[in-house]
Amino acid sequence: MVKYFVFLILILNTIIVSSNRIPHVLNLSVGQVADINIEGYKLHLDLTNPKNHHLTRFVGLYESDLIILPQTEDIGSHYVTLTNINTGMNHNLRIHVTREKNTCGKDEMEQLWLDVLPDISSKDNLKARSEAIKILQSVGKEKVSNIRLYKNINELNNARTMLIDTGDFDFPVDEPIITMKLACSDREAGEIMDTMADINDEYSKSALMKGFMQFDDTTTTHVVETTTTVYRTTRKVDNPPVKVQSLQSYECKRGIICEVHIPKDLFIDAEDGDTTNLALSVELSDFKKSDRSDEIDRNPDNFMTVHNKSLLLIGVPIIEGKYNFRITAKDKLGQAAAVAFSINVHSPGSFTHEYVFTLDKSVDRLLETPDVLIGFVKRLSLAIGDKKDNHIMINSITPKGAQSIVSWSNTTLNDVICHHKKIENILLTMVTQNGKRPLTKFIKAVGPSYHVRDVSLNLLNTCARKSPNNVSGNNVDVTVIKDEEKGLGGIHMFMPFLIALILLLLFTACLTIIYVVTRVRSKKEKKSTDFISKGLPVVFPEEVSNEDTDASVNSPMLIKEERAPLNVTLHDNPLYKAPMIVGGQREGSVMTGTSTVSKSGQPSNTTTSQRMPPPYIAP
């Protein structure tokens, strides 16, 4: 009995666990996938019955995976029955399909969605389409609940009101397309920059869309009735803000970020406090060109915006002239005060270079609000590693279909002297080494809202005169200096040192030649008689005694001087012999010629005879 009871508990536990795993109601939006594991259940659905076509077109069973992927034609409620294999109990599943639900709130701005072309075709089944969604989820690191798959681009466009922001919108008409919600507004664009870059590297076609989906209007609103008691009260008087100071005229340069700091006590409100507690806005009153005093037909777009907390007016002017603005401050009740000021925009002067970008953003959208162009300049400054965004100067913005051509230059390099190396280094932070395309990390740094397609460099003025290979103004292809040209540039840099070294070697060679010639001439001028010795005594071998067999002289000996040996004994010099005895006396020493020595070694006073040298005969 206990065994049967335990067995019953196990069966009930299995049923409860399985029931908890499979929902009874499944709410899906169009294009949203659901992948449910129904192991232990079987599906009561005849796939071959035409009556079940309304289910089989978006519901499929693959082994134990129940995949559901509804489309626009499937909006409504559908019921599927699952039967437990062990118990035979039925599990009813209600699938409720609606349009997209707004999860961003009513006050949010335009949403950002990313369209990609998956690697599937219209003939692939629900399993392949579900796998394509999971792949995008892993690449984009987004939840599956934020990804939608539509059977073609027309179905997707009918379900939304959006415009392309960046990317390639040339999608096939009859192929499935996946769209993924990235952000509720473009204020969050900086957070999705890495996701956007990773997806662009993985998929052949992608486009960033901005706008709204067609939300479901059948959402039930719960109304709670309450009773309100009305009390009679006395309303306190709220005074409007008051202008305390006036603003002067400010000077800015065309294409460079212009910043104006607002005084904290510009406005004062008795209830709300100083200017930081008021809602500020700036409007363009009128505009006059700088080259003519008459007004133009149409005022340019307002390029200034105001930051409440930092009390900073900031903008990027692209047209020269005098701008008259008005700052308005409002309190909590909407009461306002205003103050006028003006900005004179001057020419920044000539520039020696310009970088030309092709952006996947139209001119109208680039100049739609001041924050868009300001954001582009700030992101570009960070992308090239420059901490000061006022070094970026926008030279021109021109339309190119749905794209825009933006040219800019670096204000620190617009000198009389052309800084070729620095200009090239900035270019190499934006393009690959071979110059064929922009760097991926640079595209990521600039951001998906300003997707950079092409980069080129134009050298102008002094740089153009020094570099005949500069790019023409209409060329939008990437242009960088080749490695061979870089090597030639290095040689030109060291050319003065090479010339100085060559001159030094030539000078040294000349000195060496002069020295050698002088020595040769001095040797030729010497007389041959300078090398002939005169008046030297000559001793012949026969004049040397042969008593000592150890000493031998076979050739005449020349002696420059005749002098007595210094303490030389008979044994010290084997060539020395005592003079011969002539008439009871020895001749003087031929070697010394100054004294005689007896056999006892005592000196003698007898006069020595010496053979004199032959007389000198002039040559």
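## Aromatic rings and one asparagine

Tyr250, Phe287, Phe303, Tyr323, Phe325 and Phe341 form one aromatic cluster. This is a predicted model, where local features need pLDDT of at least 70 and side-chain atom pairs count only at pLDDT 80 or more, while totals for chains, interfaces and linings use all residues. Residues are numbered from 1 along each chain as its sequence is written, and side-chain values use heavy atoms, leaving out hydrogens and water.

Visitor: How many aromatic pairs does the structure hold?

Guide: Rings of Phe, Tyr and Trp (its six-membered ring) pair if their centres lie within 6.5 Å. The structure's number of such pairs is eleven.

Visitor: Is the pair of tyrosine 355 and tryptophan 408 stacked, edge-to-face or tilted?

Guide: Planes under 30 degrees apart count as stacked, over 60 as edge-to-face and the rest as tilted. Here the ring centres are 4.7 Å apart and the planes are at 35°, so the pair of tyrosine 355 and tryptophan 408 is tilted.

Visitor: And what are the planes of phenylalanine 357 and tryptophan 408 like?

Guide: These two ring centres lie 5.9 Å apart. Because the planes are at 75°, the pair of phenylalanine 357 and tryptophan 408 is edge-to-face.

Visitor: Is asparagine 152 buried or exposed?

Guide: Buried means under 20% relative accessible area, exposed over 50%, and partly exposed in between (1.4 Å probe, protein chains only). Asparagine 152 has 16% relative accessibility, so this residue counts as buried.

Visitor: Which residue has its backbone nitrogen 2.8 Å from a polar atom of the side chain of asparagine 152?

Guide: Start from the side chain of asparagine 152 and look for a backbone nitrogen 2.8 Å from one of its polar atoms. That nitrogen belongs to glutamate 155.

How values were computed:
A polar contact is a pair of N or O atoms within 3.5 Å; within protein, one must be able to donate a hydrogen and the other to accept it, and residues adjacent in sequence count only if both atoms are side-chain atoms.
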